[in-house]
Amino acid sequence: MKKIIHNKIIILGSGPAGYTAAIYSSRANLKPFLITGNNKGGQLMNTNEIENWPGDVNTVSGTDLINRMHRQALKFNTKVISDHIISVKLSEKPFFMIGEKNIYTSDALIIATGANPRFLGLESEHTFKGKGVSTCAICDGFFYKNKEVAVVGGGNTAIEETLYLSNFVHKIHLVHRRDHFRAEKILISRLTKKIEEKKVILHLNCTISEILGNSFGVDSILIKKNTYLNEKILKIMVSGVFISIGYTPNTSLFINQLDMKDNYIKILYGQHGNHTQTSIPGVFAAGDVTDHVYRQAITSSASGCMAALDSERYLNSINL
Ligand code: FAD
Ligand code: NAP
């Protein structure tokens, strides 16, 4: 039978946002409980090479970085609970959460449940994940300096990633399934310049049907024209494929309970404190679950820190 466990403050998520919130809350002596979720450590566990975490001069693996955050949270008395929340009720206090193993209640809640990049659905993209297939140009682009790569997608993310990569890769093949882009006009006009400079080659009405390679990683892709008349398959030699077809924030639990925009949890933002408060006082959100723009470990950690400070102030204000 499930036990009911209460704590003053509960943090959902064991990525950089959740662990940073835990480190700050526990150093404030709030004795937080952190519920890891099924994806322990979050998105960073999928990468071996992080080069932009400040203070780590040498490349650090996601597992190492998260393990260090985990140990630091434990050092200051965070209780780390291995469970995954399946439903919540936030309209009453204390906040109520049903997990796969137990039931939890809390006076303050920090949601740091992150987001997951979308994939095309090819087996080969998983085979080459981290070996040529990436979902983050800012994270991995540097490894493709002077090489030829492909980007898939036609939204703001795909065009921004293409423009970013164009600063240092040799050439980019932009593959999009339709003949026009969803991205904003200003980005498209910048893209047009890169196409004129022959830095970017467009493949419109095309989908990637296969990613090919060997034990060293990706070496090519097969693309297919999406027209019935012309089913020609084209092989393009590339060392990397950036899948930029959007992200799915892990917010299904909070639908109809918290205000959201495009499925991301809305927070107050602003310069007057309480930056991470959601539409319910006492419920705070941090990291990729609130952010479709920056999506970095450091920005997630920073907002985890803010959520811890905001929740501490909230608990003080209700005298708990
Ligand atoms: P996440 O890391 O997404 O963690 C979410 C957590 O919430 C998980 O622990 C999950 O188990 C938990 N959770 C979800 N649902 C529930 C639930 N119902 N109940 C309880 N818990 C739940 N950023 C960089 O700065 N540098 C890099 O080099 C870099 N490389 C990357 C490489 C890859 C392949 C990917 C995918 C991302 C990379 N990023 C990088 C981006 C970075 O990983 C994310 O921005 C960051 O992890 C977001 O942190 P987060 O804590 O908000 O969420
Ligand atoms: P998005 O707008 O949903 O675009 C996803 C793109 O990927 C679309 O072009 C879509 O094609 C394509 N796609 C989806 N599934 C696919 C599949 N299975 N195979 C091939 N292509 C597929 O996602 P996003 O670009 O990540 O943007 C998400 C949100 O963040 C948007 O609201 C965006 O405006 C915002 N954003 C803003 C900024 C900014 O303001 N600078 C930057 C990044 C993101 P179709 O067009 O055919 O549907």
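**View 1. K261 and D262 are both exposed, exposed being over 50% relative accessible area, buried under 20% and partly exposed in between, with a 1.4 Å probe and protein chains only.** Their side chains meet in a salt bridge, N to O 3.9 Å; the term stands for a side-chain nitrogen of Lys or Arg within 4 Å of a carboxyl oxygen of Asp or Glu. The whole structure has 4 salt bridges. This is a predicted model, in which local features need pLDDT of at least 70 and side-chain atom pairs count only at pLDDT 80 or more, while totals for chains, interfaces and linings use all residues. Residues are numbered from 1 along each chain as its sequence is written, chains are lettered from A and ligands numbered from 1 in the order in which they are written, and side-chain values use heavy atoms, without hydrogens and water.

**View 2. A salt bridge joins R68 and D56, with the closest N and O atoms 2.9 Å apart.** R68 is in helix 2 and D56 in the loop between strand 2 (33-35) and helix 2, so the bridge ties together parts 12 residues apart in sequence. Helices (H or I, at least four residues) and strands (E, at least two) are DSSP runs, numbered from the N terminus. R68 is partly exposed at 35% relative accessibility, whereas D56 is buried at 18%.

**View 3. D310 and R313 form a salt bridge between their side chains (3.9 Å, N to O).** The two residues are 3 apart in helix 7, which means a separation of about one helical turn. D310 is buried, with a relative accessible area of 5%.
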